[in-house]
Amino acid sequence: MAADTTAPGLPLAESDPDRPPASLQIRAWLARRTESVAIPLGAVAAGFLIFSLFLVALGKSPLAFLDLVWRGGFGSPFALQNSLQRAAPLLFAALCVALPARLGLVVIGGEGAIVLGGVAAAAAAQPLQGLSPLLAVPLMALAAVAAGAAWIGAVGALRAYRGVNETIASLLMSYIALALSNHLIEGWLRDPASLNKPSTAPIGEAFMVGALPGLDVHWGLGIGVLACLAAYALTERTTIGFAARIAGGNLRAAQIQGLPVGRLVVSFTALGGACAALAGFFEVAAVHGNANASLNAGFGYTGILVAFLARHNPLAILPVAFLLGGIEASSGLIQRRMQLPDATVLVLEGLLFLVVLVSETLYGRFKPFSPHLWAEKRRAVS
Amino acid sequence: MSDDLGLTTVLLAVIGGAIRVSTPFLFVSLGETITERSGRINLGLEGTLVFGAMSAYATAVMTGSPWAGVAVAGLAGGAFGGLHGFICRFPRVNDVAIGIALMLFGSGLAFFLGKPFIQPSAPPLPAIPFGFWSDLPQVQAALRVNVLFLAGAALALFLWWAFRNTKAGLIVRVVGDSAEAARAMGYDVDRVRLLATATGGVLAGIGGAYLSLYYPGSWNEGISSGQGLMAVALVIFARWNPLACFGAALLFGGAGALGPALQSVGISQGYYLFYAAPYVLTLALLIATSSPDRALTGAPGELSLK
Amino acid sequence: MSDHSFSRRHLLGGAAALSLGALPFGRARAAGPLTVGFIYVGPKDDYGYNQAHAQGAAALKAIPGVQVVEEENVRETTDVQKTMESMINLDGATLVFPTSFGYFDPHVLIEAKKNPKVQFRHCGGLWTEANPKNAGSYFGYIAQGQYLNGIVAAHASKAKRLGFVAAKPIPQVLNNINGFLLGARSVDPSITVQVIFTGEWSLAVKEAEATNALINGGADVITCHVDSPKVVVETAARRGAFVCGYHADQSALAKDQYLTGAEWNWASIYKGFVADMQAGKAPPNFLRGGLPDGFVKMSPYGPAVSEEARRQADAVKAEMMKGGFAIIKGPLKDNKGNVIAGAGTALAENASELEKTNYLVEGVKGSA
């Protein structure tokens with residue numbers, strides 16, 4: 001499938017023979033930026049509106065609901081940190097989908113890479129005991145990254161050199177990774193002292209990654225944001241990213257042009273797997289202190305959703321993950337204050353995403369936002 | 001227990017497991033085959049499966065008739081499929097993404113509406129005891145075949161035939177291979193795809209009814225645990241061939257029975273790895289049957305995911 | 001667990017329930033309203049583990065001056081930490097029950113340090129003196145219930161082969177399997193129990209497959225330890241096997257095939273904790289109890305339970321009600337041939353060794 005991130009009308013402005021004056025170009029750029037914010041925001045509003053009907057049908061107040069979403073997810077420092085904390089693993093999980101998507105690949109097996117990365121980090125911590133955390137913690141992260149990159153990179157290699165469909169392969173590999181991780185956690189790597197919650201040996205207090213300065217949110221958020229920025233730079237500002245986009249648009253053409261498609265595929269899938277594994281690393285090093293079955297928390301699947309909503313744009317992953325984190329953070333208040341079941345936010349999320357995705361069809365249809373419509377008008381006038 | 005009987009037990013379990021567990025995979029993958037043959041992907045069938053399971057169970061509890069449950073599940077599935085088909089006709093709307101959103105929406109709605117139905121018991125779908133000739137209870141159990149399994153098998157055969165030999169089958173294939181050619185021939189591409197996706201939804205909903213009304217025969221939020229997603233993936237494995245879907249579903253169901261069966265005959269170490277057997281086996285077969293040159297054999301030309 | 005059985009249990013209640021009874025409800029108001037938070041790892045109506053806790057929570061709602069807040073499907077990661085903080089900061093909860101095994105270390109311990117004025121009591125964890133004083137753990141000796149299940153199962157079984165569907169080989173599960181076998185062997189020493197681990201706490205299809213595999217292997221009485229026994233119970237009953245329930249009363253699901261079951265009675269523990277809070281003192285940090293304490297109870301006998309079976313099970317139950325009943329009694333070997341208890345050794349229900357069980361006793365087919 002195509003990673004359709006190019007805003008409609010963008011190439012047109014550049015190839016237009018009678019190029020409009022600079023002021024108009026800036027206005028056109030502004031208009032397109034406004035459009036890319038206004039349409040999703042409008043869609044979110046519309047989604048809430050439809051959801052309100054659902055609530056009214058249940059005899060619940062939509063205003064009270066909105067108020068709780070605000071208070072639970074966004075309206076206070078505690079709520080904001082709650083949302084940011086929940087967003088952190090989603091950033092990594094979404095990159096595992098978004099990076100391969102640049103090449104037109106649909107990878108849905110991030111969950112396995114997350115868990116495997118966590119197990120690798122916890123296992124690596126054992127021989128490193130006694131070392132300086134400054135050295136050991138990066139090495140643990142490296143172990144996680146290596147495991148994740150190898151796992152999803154293998155999916156890419158199968159695709160590139162063997163023609164194996166990456167969607168099904170990544171899903172199968174994910175299940176295999178979960179089985180392997182469980183086997184290790186409850187077998188070879190099990191700490192005999194972990195009784196009713198089978199876990200690997202603890203990585204130790206010294207190797208724990210703390211919170212961001214002044215925040216009650218662990219470093220996974222900081223590194224996650226950096227990873228998204230780096231991924232943006234890679235895909236939008238480098239020749240490799242450009243080559244990947246060409247290969248994603250038309251594989252055959254890219255091959256004819258002599259692009260190293262196989263290597264691109266392996267690199268981007270491996271990078272995606274590395275990102276997913278970092279989510280697992282932070283779960284171990286910043287939260288659990290060991291690897292256990294709780295690593296399999298479903299971040300990988302939520303990440304797929306985040307990536308598709310962000311249209312595989314690494315920068316757009318940031319707000320989408322934050323929005324999702326906020327909605328999930330408010331779930332508790334909604335359960336407690338409105339006596340609605342936990343599934344309520346699933347319905348809301350599903351509905352919101354449907355509307356946001358449908359709204360993509362509206363791009364380029366509103367005149368104030370659409371320079372190509374202005375151009376038509378100018379031509380009509382002249 | 002002697003080794004001899006152990007092996008028989010495992011073999012019987014695999015056969016029985018193939019028959020018991022495969023039906024939801026079969027229905028979902030047949031449904032998805034129809035959808036994908038028309039050129040669209042509906043990744044949301046996991047949500048449809050779960051909603052089908054819930055609505056079938058709820059209907060059976062309320063009416064006392066499991067068949068009414070199957071009907072309602074089919075209708076609900078058709079509605080979800082129709083929604084997907086309708087939305088995806090708009091330009092720039094990504095069918096894969098819509099499927100993922102529908103997966104969430106369908107499961108969420110099923111969990112939400114299904115809360116009151118976790119406790120009550122629903123009447124199960126009937127099964128035919130094909131094992132009547134045997135004295136062994138294991139054989140009798142393995143060969144208790146649900147009507148939906150037979151219907152699914154017949155449907156696989158019919159679809160395989162229909163895609164080649166009927167006008168409707170041809171239209172779906174033309175639309176899936178080249179929208180342009182189909183338009184030139186005067187077919188309404190969006191309408192064909194809408195109908196194909198809706199039909200796929202109906203089948204996925206019925207697959208869900210099998211889950212909640214026959215095997216495991218219960219409604220709870222973990223009833224599917226990703227079977228719908230796996231079934232969609234199996235379509236690619238089966239290369240859009242309905243008969244191969246049947247084979248893939250049997251293989252997957254049979255391999256899934258391996259883990260418990262091995263433990264029951266005393267092979268109890270490393271059961272996580274045995275439980276991964278269906279995935280390992282599918283992956284191995286997938287790698288063995290793929291090749292870089294003919295990666296896309298059988299794939300509909302319009303498909304965004306190959 | 002239905003309401004009527006709960007009130008029946010209330011009469012039997014041990015120390016915890018008594019302390020509640022001793023406290024006049026009117027006086028409890030003096031301490032101000034008490035907000036109690038409950039956190040579940042799955043849906044709270046799962047016909048099993050979470051539901052048993054939710055019913056305990058529901059029993060608190062009737063107590064004047066107590067407000068209950070609940071949250072379900074909370075993941076065992078930072079999510080549960082934030083949920084606890086939210087309950088404390090936004091709802092004013094001063095007593096929090098995170099009910100899933102996976103919540104204890106590190107999540108409960110972290111939050112207990114962060115919120116020294118709030119009491120945290122965790123189900124199933126192993127609190128030690130080294131842990132924060134405002135944290136604690138509670139659990140019940142439900143293996144006693146599985147022992148009684150085993151006695152009844154042995155009488156009902158013709159094949160002398162029983163089946164056990166288990167989630168993961170952790171001490172609390174292994175104790176249940178051992179209890180089931182030893183209860184059965186107290187009736188007939190030739191009986192065996194086949195165990196199948198599913199590896200997951202809740203996975204319907206695998207549980208159904210495991211049940212079928214057990215019955216195909218010749219087992220004719222099935223019990224389980226998974227989060228939601230509904231699938232196991234229904235599958236076994238449909239195959240014509242007898243069933244012993246777990247977590248909650250599942251007799252409605254198996255009708256005549258249901259023999260009896262080992263049930264939780266969390267309400268008894270929760271009421272005791274609440275009474276302590278209302279009396280202005282901290283609830284116990286480490287609380288364990290079995291049948292005599294009212295933490296665990298048995299489902300009513302089904303119609304298939306013979307007179308002889310009832311008599312024997314009732315006699316053992318009466319013995320258990322005295323306290324100190326030992327399920328693990330020497331001489332006893334594990335199923336690999338190692339001696340786990342020499343002659344004359346007996347582990348009473350509260351023996352700390354039982355919190356660390358890592359073996360299956362001789363007669364159980366399966367590996368821990």
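1. How many residues of chain C are in contact with chain B? In this predicted model, 31 residues of chain C touch 33 residues of chain B. On the chain C side, the elements that give two or more residues are β8 (192-197), α9 (204-216), α10 (230-238) and α11 (251-254). Of these, α9(C) gives the most, with 9 residues. By residue class, the chain C side divides into 14 nonpolar, 10 polar and 7 charged.

2. Chains A and B also meet through a pair of helices. The crossing of the two helices is left-handed.

3. Which residues make the contact of α12(A) with α4(B)? From α12(A) they are Ile304(A), Leu305(A) and Phe308(A). From α4(B) they are Val96(B), Ala97(B), Ile100(B) and Leu104(B). The contact is made up of 7 nonpolar residues, with no polar and no charged ones.

4. Chain C contains an open sheet of 4 strands in the order β2-β1-β3-β4, with parallel pairing. The edge positions are taken by β2 (66-71) and β4 (119-120) of chain C. Each of these has a single partner strand, so one side of each is left without a neighbour in the sheet.

5. The pairing of β1(C) (residues 34-39) with β2(C) is parallel and runs over 6 bridges. Within this pair, Thr35(C) has Gln67(C) of β2(C) as its bridge partner. Helix α12 of chain C (residues 266-278) packs on the sheet and touches β1, β2, β3 (95-98) and β4 of chain C. The direction of α12(C) makes about 150 degrees with that of β1(C).

6. A point on confidence in chain A. The chain averages a pLDDT of 90, and 93% of its residues score at least 70. Among its elements, helix α5 of chain A (residues 110-125) has the highest mean pLDDT, 98, while helix α1 of chain A (residues 10-15) has the lowest, 44.

7. Over residues 1-15 of chain A, pLDDT stays under 50. Where pLDDT is low, predicted coordinates should not be read in detail.

Technical notes: Residues numbered from 1 in each chain as written. Chains lettered and ligands numbered in written order. Predicted model: local features only at pLDDT ≥ 70, side-chain atom pairs only at ≥ 80, totals over all residues. Left-handed = near helix turned anticlockwise from the far one by under 90°. Contact = placed C-beta atoms within 7 Å. Nonpolar A, V, L, I, M, F, W, Y, C, P; charged D, E, K, R; others polar. Pairing = 2+ DSSP bridges. Axes fitted to C-alpha atoms, helices over the stretch in contact; angles between N-to-C directions. pLDDT = per-residue confidence, 0-100.
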